[in-house]
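Subject: Structure for your review

Dear colleague,

Please find the structure below, followed by an account of what was found in it. I would be grateful if you could read the two side by side.

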2 protein chains.
Amino acid sequence: MPERVTTNDKAALHALLDAVPIGHFGFVEHSSPVVMPNAFVRDNDDILMHGSTGSWWLRKLSDGREVSASVSILEGLVYARSGFESSMQYKSAVLFGRCVPLKGVEKARALDLVVDGLLPKRLSELRPATKKELAATLLLKMRIDEWSFKSSIMWPEDPEEDIASDAWAGFLPIVSRYGDPENSPDLRPGIPLAASVARLRGSKTF
Amino acid sequence: MPERVTTNDKAALHALLDAVPIGHFGFVEHSSPVVMPNAFVRDNDDILMHGSTGSWWLRKLSDGREVSASVSILEGLVYARSGFESSMQYKSAVLFGRCVPLKGVEKARALDLVVDGLLPKRLSELRPATKKELAATLLLKMRIDEWSFKSSIMWPEDPEEDIASDAWAGFLPIVSRYGDPENSPDLRPGIPLAASVARLRGSKTF
């Protein structure tokens, strides 16, 4: 198993950003840090996120101030023979950039990407967004100016005297899966489960 | 099902902080925001986190500057009949506070809490930390001065004309579980799986 690595492999960064739907977006307001979670999708080298036009902090980000975002996935626990050598397997990215609010056709296109990214293959099952809905939605594009990516997939690395002890050592993976879909209480009788949902059921999320 | 709520229920905050092992910690460095992921545990009303004494950003936090942290869990996808009404079920907390580095017996106690919090019930299976290990570890306590907690557990809330359409609507849960433990390649023959790991196998993580 490789080590703990920091890499400038953009494909690894993109794979993480495509797999994890929630980012943690930090900015400075009145000299103080604020970090907020939000769903996002990747569009080439950019991040797209949306929210209500009433969201106070998405409106702050709209002014183009600096943003840092953290995206990570915990893949399991590494049990060494000491607390000191124990660790986690994870992938994480830290992004730096600024946001711009999108308008017009760019905004409509981005919203489609957001819907289809967060709810895979759902877009074609839905009616198009209305003008009113578009007007009530804030759509931000974060251009990534700098980023770092870290991946830790180590086995325990205990010193010999600890390996000689009776303590177990190993790895306990964590796996996230989609469960069984539940119908909305207001679903009309006879409407079958959406194909986009049927294909996700039981599969790994990220 | 209740709605999307912001609550000042401290028990709900604590349950989230106890369930989720990774937080995203934001601070200001040279007027710019930086957000970094790190494992943490809750100790009463405080957050404990540890890392190497060589970690540049944990050292920055040691000076008592303001910190904001975001902790969240995604519990599933809410499929409405439009992109606009589609959403997610989640719980999230945003914390504000400052960190102090712990020393001496406080530090040793906190490190035990961190190990046993991140690797549940593991502490009693391990030898105690050595002085050298303690010296190489930075242990920060973040005192939470302000926090907010949000929980969204909605069904779709479509308007009547969308309910009348043929689109499916419902909820797709996401469940994270511990998988099957793997022995470390350097595990000595005859050492059984740790009891702390055996009890986690297959169970929900958060």
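Helices (H or I, at least four residues) and strands (E, at least two) are DSSP runs, numbered from the N terminus. By that scheme, B:Ser32 belongs to strand β3 (residues 32–39) of chain B.

The model is a predicted one, in which local features need pLDDT of at least 70 and side-chain atom pairs count only at pLDDT 80 or more, while totals for chains, interfaces and linings use all residues. Residues are numbered from 1 along each chain as its sequence is written, chains are lettered from A and ligands numbered from 1 in the order in which they are written, and side-chain values use heavy atoms, with hydrogens and water left out.

The interface between the chains

Contact here means heavy atoms within 4.5 Å. On that basis, 81 residues from chain A and 80 residues from chain B take part in the contact. The area buried between chain A and chain B (the accessible area, with a 1.4 Å probe, that two parts lose on being put together, summed over both) is about 6,700 Å², and carbon and sulfur atoms give 64% of that area. In chain A, the residues that lose the most area to chain B are A:Pro33, A:Val35 and A:Trp168, together 11% of what that side buries.

A salt bridge is a side-chain nitrogen of Lys or Arg within 4 Å of a carboxyl oxygen of Asp or Glu. Six salt bridges are found across the interface of chain A and chain B. A salt bridge also joins B:Asp162 and A:Arg127, at 2.8 Å from N to O. Polar contacts (a pair of N or O atoms within 3.5 Å; within protein, one must be able to donate a hydrogen and the other to accept it, and residues adjacent in sequence count only if both atoms are side-chain atoms) link 34 residue pairs between chain A and chain B, both residues being at pLDDT 80 or more. The side of chain A that touches chain B has 48 nonpolar, 20 polar and 13 charged residues; in this classification Ala, Val, Leu, Ile, Met, Phe, Trp, Tyr, Cys and Pro are nonpolar, Asp, Glu, Lys and Arg are charged, and the others, Gly among them, are polar.

To return to B:Ser32, this residue is buried, with a relative accessible area of 18%; buried means under 20%, exposed over 50%, and partly exposed in between (1.4 Å probe, protein chains only). Leaving aside neighbours within four places in sequence, B:Ser32 is in contact with A:Val28, A:Glu66 and B:Phe27.

Salt bridges within the chains

Over all chains, the count comes to 29 salt bridges. One of them joins A:Glu29 and A:Arg65, with the closest N and O atoms 2.6 Å apart. This pair links distant parts of the chain, 36 residues apart: A:Glu29 is in strand β2 (residues 22–29), and A:Arg65 is in the loop between α2 (56–61) and β6 (66–79) of chain A. Both A:Glu29 and A:Arg65 are buried, with A:Glu29 at 14% relative accessibility. The side chain of A:Glu29 also makes a polar contact of 3.4 Å with that of A:His30.

A further salt bridge pairs A:Glu133 with A:Arg127 (2.6 Å, N to O). Here A:Glu133 is buried at 11% relative accessibility, whereas A:Arg127 is partly exposed at 28%. In chain B, B:Arg127 and B:Glu133 form a salt bridge at 2.7 Å, N to O. B:Arg127 is partly exposed at 28%, and B:Glu133 is buried at 10%. Salt bridges that share partners also join A:Glu29, A:Lys60, A:Asp63 and A:Arg65 into one network.

In helix α1 (residues 10–19) of chain A, the residues A:Leu13, A:His14, A:Leu16 and A:Leu17 are buried. They lie on the same side of α1(A), because they cover an arc of only 160° around the axis, the arc being that of the directions from the helix axis to the C-beta atoms. The buried residues of α1(A) pack against β4 (41–43), β5 (46–52), β6, β7 (87–101) and β8 (137–152) of chain A. At the start of α1(A), a side-chain oxygen of A:Asp9 comes to within 2.9 Å of the backbone nitrogen of A:Ala11.

A:Asp45 is in the loop between β4 and β5 of chain A and is partly exposed, at 38% relative accessible area. The side chains of A:Asp45 and A:His14 are joined by a polar contact of 3.3 Å.

Yours sincerely
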